[in-house]
Amino acid sequence: MLIRGQCHCGNIAFALDWKGDPGAIPARACDCTFCVKHGGVWTSHPGSRLSVVVADPGLVSKYVFGTRTATFHVCARCGAVPIVTSEIEGRVYAVVNVNALENVDPSALRRAAASFDGEAPDARLARRARNWIADVRIASAGR
Ligand SMILES: [Zn+2]
């Protein structure tokens, strides 16, 4: 299934070639301080492929905090946060925000709370390498 998503204004758009069960998409409501403020709820499937197209890279704010191992791609025009990336041993991994999805029936989302507080940095990166989308392409549509 090809899942499409974007920020509110469309500056950051993505296509996710979902390899998992399309009727059971995990949706993890992260309880970190950033995600609480933004209502961040994330999904990923390790076998999937993510293609991101940014219309205007100048209108993407890349926000990091805490362990500084995850980069939140915030649209500077509309404020939505459609993707998070993490670079692990030279490879870019990503999760996408289920609130940014365009063509997924909300009943397909399997919502659950997620708490990664207190996770050691090494364990955190190992978990992302296992669970996050491992095939990520980010391109600029721009001039
Ligand atoms: Zn936007």
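1. Start with the hairpin of β8 and β9: two residues sit between the strands, and Glu89 takes a positive phi near 50° there. Glu89 is not a glycine, and at 82% relative accessibility it counts as exposed (exposed is over 50% relative accessible area, buried under 20%, partly exposed in between, with a 1.4 Å probe and protein chains only). Helices and strands here are DSSP runs, H or I of at least four residues and E of at least two, numbered from the N terminus.

2. Before going on, keep in mind that this is a predicted model: local features need pLDDT of at least 70, side-chain atom pairs count only at pLDDT 80 or more, and totals for chains, interfaces and linings use all residues. Residues are numbered from 1 along each chain as its sequence is written, and side-chain values use heavy atoms, with hydrogens and water left out.

3. Arg68 is the next backbone angle to look at. This residue, other than glycine, has a positive phi near 60°. Arg68 lies in the loop between β6 and β7 and is exposed, with a relative accessible area of 59%.

4. Now the strands around that hairpin. β8 (residues 83–88) and β9 (residues 91–97) run antiparallel and are joined by six bridges; two strands pair if DSSP finds at least two bridges between them. Ser86 stands opposite Tyr93 in β9, and the bridge partner of Ile83 in β9 is Val96. On the other pairing, three bridges join β7 (residues 71–75) to β8, again antiparallel, with Phe72 opposite Val84 in β8. β8 is mostly covered, as five of its six residues are buried.

5. Zooming out to the whole sheet: seven strands form an open sheet with mixed pairing, in the order β6-β7-β8-β9-β4-β3-β10. β6 (60–63) and β10 (109–114) stand at the edges with a single partner strand each, so one side of each has no neighbour in the sheet. Neighbouring strands are turned by 35° against each other on average, direction ignored. Helix α2 (residues 121–131) packs on the sheet and touches β8 and β9, its direction making about 110° with that of β8. For these angles, axes are lines fitted to C-alpha atoms, for helices over the stretch in contact, and angles run from 0 to 180 degrees between N-to-C directions; contact means heavy atoms within 4.5 Å.

6. The zinc site is worth a look. Cys7, Cys9, Cys75 and Cys78 coordinate the zinc ion through their SG atoms at 2.3 to 2.4 Å (donors are N, O and S atoms within 2.8 Å of the metal, or 3.2 Å for Na, K and Ca; water is not among the atoms, so sites may look incomplete). Along the chain the donors follow the spacing C-x1-C-x65-C-x2-C. The donor atoms subtend angles of 104 to 118°, which makes the arrangement tetrahedral; four donors count as that if all angles lie between 85 and 135 degrees. Cys7 is buried at 2% relative accessibility, whereas Cys9 is partly exposed at 32%.

7. Last, the chain overall. There are two helices and 11 strands. The radius of gyration is 14 Å, close to the 15 Å that the globule rule gives for 143 residues, so the chain is as compact as a globular protein of that length; the radius is taken over C-alpha atoms, and the rule is 2.2 Å times the number of residues to the power 0.38. Of the 143 residues, 41% count as buried.

Methods. Tetrahedral: all angles 85-135°; square planar, octahedral: opposite > 155°, others 65-115°.
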